Amino acid sequence: MRTEAEAAGPPLEPGDFVQLPVPVIQQLYHWDCGLACSRMVLRYLGQLDDSEFERALQELQLTRSIWTIDLAYLMHHFGVRHRFCTQTLGVDKGYKNQSFYRKHFDTEETRVNQLFAQAKACKVLVEKCRNVQHQHQ
């Protein structure tokens, strides 16, 4: 049986990683982890003005149901170069029966699939990639 240290692999050397001074911004609700992460990225890049962020949320119609594709559009809105890699180009129907998504899944499915369909025309870079790890989206 391998020890935890053996399973983790060889120790990291100073040149093996980059540590960035990204500020910590806590979630306000149980559902806004993606928005908190977006705020951290934008603040790190020096682009976060809270009122501008709130305006962007209103403009993009981001409310309580935030999908990863929404975050890609949000980053694009602020001019952040990025690439959204996903296993599913559109809604993964496997989430339909999860309690978090169940109530609004059908209406969200249409909205989210439209965002995927319009991504290229809107210059939001989305790619289907294998071996993408998902948390809950």
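Which side chain does the side chain of Glu108 join in a polar contact of 2.8 Å? The partner is the side chain of Ser65, where a polar contact is a pair of N or O atoms within 3.5 Å, one able to donate a hydrogen and the other to accept it.

## Basis of the model

This is a predicted model, in which local features need pLDDT of at least 70 and side-chain atom pairs count only at pLDDT 80 or more, while totals for chains, interfaces and linings use all residues. Residues are numbered from 1 along each chain as its sequence is written, and side-chain values use heavy atoms, with hydrogens and water left out.

Glu108 belongs to helix 6, residues 105-118, helices being DSSP runs of H or I with at least four residues, numbered from the N terminus. Apart from neighbours within four places in sequence, Glu108 is in contact with Ser65, Trp67 and Val91, contact meaning heavy atoms within 4.5 Å.

## Helix 3

In helix 3, which spans residues 50-59, Phe53, Ala56 and Leu57 are buried. Seen down the helix axis, these buried residues fall within an arc of 100°, so they line one face of helix 3; the arc is taken from the directions from the helix axis to the C-beta atoms.

The buried residues of helix 3 pack against helix 2 (33-44) and helix 4 (68-77), whereas the face turned away from the buried side carries the exposed residues Gln58 and Glu59. Helix 3 is followed by Gln61, whose phi is positive, near 55°.

Key
Helix = DSSP H or I, 4+ residues; strand = E, 2+ residues; numbered from the N terminus. Buried < 20%, exposed > 50% of the residue type's maximum accessible area, 1.4 Å probe, protein only.
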